[in-house]
There are 2 protein chains.
Amino acid sequence: MITINMRDSRPIYEQVKDSLRRLIVSGALPADEKLPSVRELAAQLVINPNTIQRAYRELEHEGYIVSVPGKGSFATPHFGADSRRVSELLAAFDDAVAELRYLGVDGAELKKRIDEQEAKKDEA
Amino acid sequence: MITINMRDSRPIYEQVKDSLRRLIVSGALPADEKLPSVRELAAQLVINPNTIQRAYRELEHEGYIVSVPGKGSFATPHFGADSRRVSELLAAFDDAVAELRYLGVDGAELKKRIDEQEAKKDEA
DNA sequence: CTAACTGTACTAAGACAATTAGTACAGTTA
DNA sequence: TAACTGTACTAATTGTCTTAGTACAGTTAG
């Protein structure tokens with residue numbers, strides 16, 4: 001479900017956050033789906049539960065999951081676009097596009113990629 | 001020319017790298033253009049010269065600039081696509097697209113954005 | 001009710017990276 | 001010569017990440 005890379009310079013809790021966010025926004029983890037418990041996921045990844053707890057706490061603060069004491073953590077549908085996050089992502093999008101074009105990747109190639117991702121999600 | 005954010009969790013040298021890379025790939029900093037000297041940019045940003053030196057060293061290693069002792073540092077045209085870097089950027093591109101669509105941004109909107117960026121670069 | 005789960009909170013310690021300060025040396029240029 | 005350039009190196013400091021350990025309250029199946 002999730003893998004982390006110890007050689008990666010990025011903090012483990014960031015890697016966990018990004019992996020879970022990717023599963024959620026891609027639809028692989030539907031709304032109201034139950035996530036692994038803090039201790040369970042920590043055991044699976046062989047890391048400290050505190051690290052998972054931090055990832056869950058921040059994902060909840062960002063509105064991607066909801067944690068309920070005694071019950072568990074669950075993916076949540078996203079109501080109302082977070083305009084700050086959207087701005088961040090658009091900036092990241094623009095940067096990636098600019099550098100890709102600089103490295104020789106055509107704009108048409110990128111547009112095709114958007115369509116392919118859209119088609120792939122419609123399958124599921 | 002460049003601004004850094006002390007509240008940003010990312011290291012200063014990474015922020016400097018990204019800023020310079022953005023200037024280069026966007027065309028704002030043309031090939032063979034001279035960059036500010038290590039000490040000059042450090043003074044301007046009110047940070048240690050060692051931090052700038054690290055940013056320059058890594059940008060040179062990645063092929064975006066060339067540094068010559070006694071002369072200075074210069075932007076370089078990029079020969080031969082770095083396939084590893086391209087893969088990284090495509091992954092970042094895909095992630096941004098997926099999350100943006102999840103947050104309600106249409107795919108057509110993103111395609112339009114690619115065209116606009118292309119047009120803006122053609123002006124310069 | 002009990003036992004085993006759930007999230008959550010907190011302290012303490014260690015490891016590591018980032019940053020700074022300071023010094024130094026060699027090449028370039030007006 | 002003087003003032004610039006990049007580069008290299010050590011030492012000290014600071015802050016973050018991660019772990020270990022303990023604890024408490026809510027939930028749920030038996």
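A residue counts as buried when its relative accessible area is under 20%. In this predicted model, B:Tyr64 has 2% relative accessibility, so B:Tyr64 is buried. Both A:Tyr64 and B:Tyr102 are buried too.

A:Tyr64 and B:Tyr102 make a stacked pair. A:Tyr64 sits in the loop between α3 (49-61) and β1 (65-68) of chain A, while B:Tyr102 belongs to helix α4 (residues 83-102) of chain B, so this pair joins two chains. A:Tyr102 and B:Tyr64 have ring planes at 20°, so they are stacked as well. That pair also crosses between chains, running from helix α4 (residues 83-102) of chain A to the loop between α3 (49-61) and β1 (65-68) of chain B.

| Arginine | Tyrosine ring | Distance to ring centre |
|---|---|---|
| A:Arg21 | A:Tyr64 | 5.6 Å |
| B:Arg54 | B:Tyr13 | 3.9 Å |

Now for the interface as a whole. Chain A and chain B bury about 3700 Å² between them, with carbon and sulfur atoms giving 62% of that area. In chain A, the residues that lose the most area to chain B are A:Phe93, A:Tyr102 and A:Leu103, together 19% of what that side buries. Contacts link 34 residues of chain A with 34 residues of chain B.

The interface has 12 salt bridges, including one between A:Glu118 and B:Arg101, whose closest N and O atoms are 3.0 Å apart. On the side of chain A that touches chain B, α1 (12-25), α4 and α5 (107-123) each give two or more residues, and α4(A) gives the most, with 14 residues.

Technical notes: Residues numbered from 1 in each chain as written. Chains lettered and ligands numbered in written order. Predicted model: local features only at pLDDT ≥ 70, side-chain atom pairs only at ≥ 80, totals over all residues. Heavy atoms only, no water. Phe/Tyr/Trp six-rings, centres within 6.5 Å; stacked < 30°, edge-to-face > 60°. Helix = DSSP H or I, 4+ residues; strand = E, 2+ residues; numbered from the N terminus. Buried < 20%, exposed > 50% of the residue type's maximum accessible area, 1.4 Å probe, protein only. Lys NZ or Arg CZ within 6 Å of the ring centre and 35° of its normal. Contact = heavy atoms within 4.5 Å. Buried area = accessible area lost by both parts, 1.4 Å probe. Salt bridge = Lys/Arg side-chain N within 4 Å of Asp/Glu carboxyl O.
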